[in-house]
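Have the model open in your viewer and a selection tool ready. Each stop below says what to pick and what to look for.

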Amino acid sequence: MNSRNEENLKDLFERFVGAEEAEGAVEDFQMAERILREHAAPEPDKELIAAIKSEITEAIRRRKESAFRRIAYKMAPVAAVFIILAAVSVRLFERGGGGPVKVTYASMIPAAIWESDDIAIDDLDLAILTAEIDELESEVVTLELGENGGNGRSAVTELEMELVEINSDFWEG
Amino acid sequence: MAKSDDLAQIINGCKAGSAESFSQLVDMYAGRLFGYFYRLTGNSELSDELLSELFVKLVGKIGSYKGGSFDSWLFKIASNIFNDYLRGKQRRKKLLDVKKRELESKITEPKRSESERIDKLQIQLEKLNADTRELIMLRFYSQLSLKEMAEMRSEPIGTTLSKLHRGLKRLRELME
């Protein structure tokens, strides 16, 4: 608009036609533009303007929603990766920071042997224990079958007491 | 008309998605754009539609405005919308050619409302070819300089000047 007001039509025409002709052309311009001003086009209705503004507001809302959805779609895989990494990290941290797990278990071997570093003595003790148990088992079977002259029950009780005693001594080390 | 600083502020608001800024832009340009469409189509309802289409399109396009003459940029969009309408109209014309010929034989002059019928300028404008008519309306309603108009139309300034002069001279003769 400003550039239009600044332009000099006569100078412009004189670049292409003679001065006289340029003057006539400028007059044609001015007359025609006066006619256009005198026959102004109707103005748009106020209702139309209100409707356009409403449509614009709706279009802006749609664009913002669409932009938000696009961002959400782009961010979802990144967020998923972060969540997975975080979960894996937490799990690894829990494993690494907890120290060695203490295993508890039951054992037939007495603690004195288990904790001993002398393997030769420990093996010998185990062999003696096993031999004594085998001997007692065979005596119990003999007594139960009445092979010792009929006094089986008291002999079995005696043997059981002896077995308990051996066992107790052994486990005490 | 707002000063160029105010306009720049309004455009920045529009780019930021402010409905208020768009509202200001509508208030500033709706009159001239409606006049432009009305003088090109001679139809109020159609001008309403084209004006609405222009402003709704502007919501999506405002981000592509990178400076320079905003009026030139805006009227370029208006011109494209009008030409798209013309192309669509031509397609429809081809499809309905037979029916149109039947109707044309019955209609002696374009149908207009009473207020439009008495608009002598509109009647004379329709006697000009479409390109000349658009050039005159662009000059009058966009308020662009001849240099800006030539740039918009991608033609030498001498060509624009010559076409416009011929058109305005013809219009002047028709109106006298």
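**Stop 1: the negative patch**

In this predicted model, begin with α7(A), which gives the negative patch its largest share, 4 residues. Select A:E132, A:E135, A:E139, A:E158, A:E162, A:E165 and A:D169 together. They form a patch of negative charge on the surface. Now colour two helices of chain A: α6, residues 119-144, and α7, residues 152-172. Each supplies at least two residues of the patch.

**Stop 2: the interface of chain A and chain B**

Show both chains. Select the contact residues: 36 from chain A and 45 from chain B. How much area is buried between the chains? About 3700 Å². Carbon and sulfur atoms give 71% of that buried area.

Next, turn to charge pairs across the interface of chain B and chain A. There are 4 salt bridges here. Zoom in on A:E27 and B:R172. Their side chains meet in a salt bridge, with an N to O distance of 3.9 Å.

**Stop 3: a salt bridge within chain B**

Over all chains, the whole structure holds 19 salt bridges. For a pair inside one chain, select B:R32 and B:D71. Their closest N and O atoms are 2.9 Å apart, and the two form a salt bridge. Show the helices too. B:R32 lies in α2 of chain B (residues 19-41) and B:D71 in α4 of chain B (residues 70-95), so this pair ties together parts that are 39 residues apart in sequence.

Technical notes
Residues numbered from 1 in each chain as written. Chains lettered and ligands numbered in written order. Predicted model: local features only at pLDDT ≥ 70, side-chain atom pairs only at ≥ 80, totals over all residues. Heavy atoms only, no water. Patch = residues over 30% accessible without salt bridge, like charges linked within 9 Å, V, L, I, M, F, W, Y side chains within 5 Å. Areas by Shrake-Rupley, 256 points an atom, 1.4 Å probe, with all protein chains shown as cover. Lys, Arg positive; Asp, Glu negative; His and termini not counted. Charge placed at Lys NZ, Arg CZ, Asp CG, Glu CD. Contact = heavy atoms within 4.5 Å. Buried area = accessible area lost by both parts, 1.4 Å probe.
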